[in-house]
2 protein chains.
Amino acid sequence: MTGRLQARSLIDALVAELSEQIFDGRLPAGAAVIETHVADEYEVARPTAKAAIERLVGEGLLRRGPHRSARVPVFDAGNVADLYFARTCLERQVMRELASRRLTPPAALGAQAEIRALSGAGGSTTAVVEPDIRFHRSLVDAVGSPRLSRMHASIMAETRLCMAQVQAFGLLRVAEIADEHEAVLDAIADGDPERADQALDLHLTRACRALLTRLG
Amino acid sequence: MTGRLQARSLIDALVAELSEQIFDGRLPAGAAVIETHVADEYEVARPTAKAAIERLVGEGLLRRGPHRSARVPVFDAGNVADLYFARTCLERQVMRELASRRLTPPAALGAQAEIRALSGAGGSTTAVVEPDIRFHRSLVDAVGSPRLSRMHASIMAETRLCMAQVQAFGLLRVAEIADEHEAVLDAIADGDPERADQALDLHLTRACRALLTRLG
DNA sequence: TCTGTATCTTTGTCAGGCAAGTATGCGGGA
DNA sequence: TCCCGCATACTTGCCTGACAAAGATACAGA
């Protein structure tokens, strides 16, 4: 948990703004993010824009080579597979750890409850993305490792971008997601690392496969 | 594997130089790394020094808050524990994966051979650090996930810094390290994920415990 | 002793500019 | 017609120099 008060520098604000544009598609896949344009648009100096872009590159939300403008990454099949492989790697071990401690974090339960509610209401499927991410994040955070949380956050940022890009909302039924989450939580509550591991693996494998079929 | 040819910008060179200074202790734990000093020392402009420092902060080799100078992090017990926890998380899953594929990368075998040779010669124990890191890195790289390799590289950079700081060389016998590595490789070659997982867990747990006892 | 203030250090951000590298379009030669 | 080399425009890498703002420090006063 970061402090309640957060000093936001100009660069921080720019990073946040650009992130949002990337996530909601205003900056489409493959679009060039040019330092001078950003600087003009937000009325900041070029070094400020540059720093923000470099930070986004560091977080994986933008890619660029030397002397080339940064671009919003386009996810191909290999990229999606790698993203989910890395994510699965992290989260499987986390589930094992949580199960061996029988630790079901309240935040995860809350997020799960929200997803359940959405599945009943049959509301917009895009609305499930946010609590879903929160569910996974709260599980990872529960093990209490700052480094692990940081790595996971980075992976999830990319995941979110990937989902937005592939327009993956509606590919999976909300009820299925809720059921799979439930299975993970049950296994953790039972203190069964092996089952928790497999339940999570199934959950992510399905999600990944849905994305891959959409990509062809 | 990155390309054979690498365009090194000034900032890249600075990052490399500062990294070395941090690793070999010329910049001791807690030392402040001040933008203007770096700029003067290497005869570059302050923005250049700033960019290099920010990159090192991003890699975890320096820490800093807003309006405060960057500092070489000091590792306390909690920090070491977290570092090894995150590392173990990653590597355990990797070993499982490699074992299920029966994949023993040649680079890992080479590094292991070097360590064996050192254990026979009874040479300087500090010399084991480099091949040891190479051993673990080559295993992670073998799964072929760029993201995973990147995360691991970041963790290992911190690990190296931590070991240098605690002066952990000589805490463990080279022969023991070699034996533990051998156990991991055997389990992978046998296609036994469970055993590979546990062999690696033991290896890292021991290393971590050695560091922790040194810290008191 | 504690507190408030003045000063110094260091970072955040800016403006403007030159050099170097990359992409693009055009014209000439095979 | 197609391919190759060349000139141009665009973009980034790095620079100098500067001012404002935030932390750190030391000192004087209550």
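Modeller: Please keep in mind that this is a predicted model. To begin with chain A, residues 24 or more positions apart account for 73% of its contacts with a separation of 6 or more.

Colleague: How many helices and strands are there in chain A, then?

Modeller: Chain A has 9 helices and 2 strands, and from the N terminus on its elements follow the order α-β-α-α-β-α-α-α-α-α-α. With a radius of gyration of 18 Å, close to the 17 Å that the globule rule gives for 216 residues, chain A is as compact as a globular protein of that length.

Colleague: And what share of chain A is buried?

Modeller: Of the 216 residues in chain A, 36% are buried.

Colleague: Changing topic, which residues are closest to DNA strand D?

Modeller: DNA strand D is surrounded by 15 residues, and the closest are A:Ser69, B:Ser9, B:Leu10, B:Ala45 and B:Thr48. Two or more residues each come from helix H2 (35–42) of chain A, and from helix H1 (10–23) and helix H3 (46–59) of chain B.

Colleague: What is that surface like by class?

Modeller: The surface near DNA strand D has 7 nonpolar, 6 polar and 2 charged residues.

Colleague: One last thing: where is B:Thr126, and why does it count as partly exposed?

Modeller: B:Thr126 sits in the loop between helix H5 (106–121) and helix H6 (129–142) of chain B. B:Thr126 counts as partly exposed because 13 other C-beta atoms lie within 10 Å, while a residue with 12 or fewer would be exposed.

How values were computed
Residues numbered from 1 in each chain as written. Chains lettered and ligands numbered in written order. Predicted model: local features only at pLDDT ≥ 70, side-chain atom pairs only at ≥ 80, totals over all residues. Helix = DSSP H or I, 4+ residues; strand = E, 2+ residues; numbered from the N terminus. Buried ≥ 20, exposed ≤ 12 C-beta atoms within 10 Å, placed from the backbone. Near = placed C-beta within 6 Å. Nonpolar A, V, L, I, M, F, W, Y, C, P; charged D, E, K, R; others polar. Rg over C-alpha atoms; globule rule 2.2 N^0.38 Å. Contact = placed C-beta atoms within 7 Å.
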